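Please read it alongside the coordinates.

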Amino acid sequence: MTTDEERNKRFRAALERLAPGKHVLDIGTGQDILWARESVQAGARQVTAIEVIEDTFRQAAANLPSYELQDRVTLLLGESTGLEFAPHAEVCVAEIIGSLASAEGAAAVLTDARRRHLAQDGVVVPHRAVTLASAGCLSGILGEQHVAFSAESIPYLQSIFNWATAPFDVRLRIENASPDALVSDSAAIESLDFNGTLHTEQQTTTRLTIQRPGRIDGVLTWLQLWCLPDEDPLDALRMKTNWASIYFPLFQTPVPVEPGDTLDLTFGSTLSADGVHPDYQVSATLRTADGHAHRGSLESPHRGGPFRAQPAYRLLFPAA
């Protein structure tokens, strides 16, 4: 993500406005301690940088002297939800936004940070994140590509299965999805207001309207992000960024649709057993002009879950 300039310019602009003279908390600082460094460059008087992954923390600690910031940056190892430090920070910057806005636990982590680590008038960067959804068909979204995992993702996929102790239907991350493959309008299905009312669990029901003929077997979701309230948002579907789109297959077979058909979509997130990362529940009813109602649903927990439950997953994981 260090090379993601579409994202970085927004975070940098927010820190240039908010960090001067302030104590900044950097959650998930990474080995390059990027936002800690940018905060100091913007004029922060002190930065507390937290990293939970031990190997990454060690690398960050090894890198810190080369930046000559030892007197301005304090590195802490652990989860921000389990650490204590003083004094309270006045600005919090957090690189924990997923391709689904809440997927990396931002709602729970930043709710805790606002309660325990930030001054009463403290502010969070980013300011707001929204997950949008639109209807489409996986084959159309992939274009000429086969339904398959990329070669470089296989070792990571195996590590996820080892962590979960069994294979399961992972979330389908699609890079460079084309907006032209979508057949409906779009709508927000979750909203995280980091400087407002922030919910760790939520459920949203919305209606998508089909705008052009095509087929539907699921919904594509993507991120919009504001680092400052008065800026144009980053749109991960339409801009070059390392955030990808996430596809949720919902129907057993693609359903032909015409303009004016409707898809009632319910998207829910509940905290998983770890109290930080969300489990997702997605359900939909597609009503077509011929009077039929087509229903589909998907459970997408943080850890484990069903395996080969949808045709897309049966293509990805053929039976032995």
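Here a residue counts as buried when its relative accessible area is under 20%. The model is predicted.

**Helix H2.** By that cut-off, the buried residues of H2 are Leu-34, Trp-35, Ala-36, Glu-38, Ser-39, Val-40 and Ala-42. That makes seven of the nine residues in H2 (residues 34-42), so the rest of the structure largely encloses this helix. What covers them? The cover includes helix H1 (5-18) and strands E1 (23-27), E2 (46-51), E3 (73-77) and E4 (89-94). Just after H2, Gly-43 has a positive phi of about 110 degrees.

**The four-stranded sheet.** An open sheet runs in the order E9-E15-E16-E17, with antiparallel pairing. Its edge strands are E9 (202-209) and E17 (293-300), and each pairs on one side only. Neighbouring strands are turned against each other by 10 degrees on average, direction ignored. E15 (residues 262-271) and E16 (residues 278-287) pair over ten bridges, in the antiparallel sense. Thr-270 stands opposite Asp-279 in E16.

**Glu-190.** This residue is found in strand E8 (residues 187-193). Which partners does the side chain of Glu-190 reach, and at what distance?

| Partner of the Glu-190 side chain | Distance |
|---|---|
| Side chain of Thr-131 (polar contact) | 2.7 Å |

Glu-190 is buried but has no salt bridge. The nearest side chain of opposite charge is Arg-171, 8.9 Å away. Leaving aside neighbours within four places in sequence, the contacts of Glu-190 include Leu-100, Ser-102, Val-130, Gln-202, Phe-267, Ser-269 and Tyr-280.

Note on methods. Residues numbered from 1 in each chain as written. Predicted model: local features only at pLDDT ≥ 70, side-chain atom pairs only at ≥ 80, totals over all residues. Heavy atoms only, no water. Pairing = 2+ DSSP bridges. Helix = DSSP H or I, 4+ residues; strand = E, 2+ residues; numbered from the N terminus. Axes fitted to C-alpha atoms, helices over the stretch in contact; angles between N-to-C directions. Buried < 20%, exposed > 50% of the residue type's maximum accessible area, 1.4 Å probe, protein only. Contact = heavy atoms within 4.5 Å. Lys, Arg positive; Asp, Glu negative; His and termini not counted. Salt bridge = Lys/Arg side-chain N within 4 Å of Asp/Glu carboxyl O. Polar contact = N/O pair within 3.5 Å; in protein donor to acceptor, adjacent residues only side chain to side chain.
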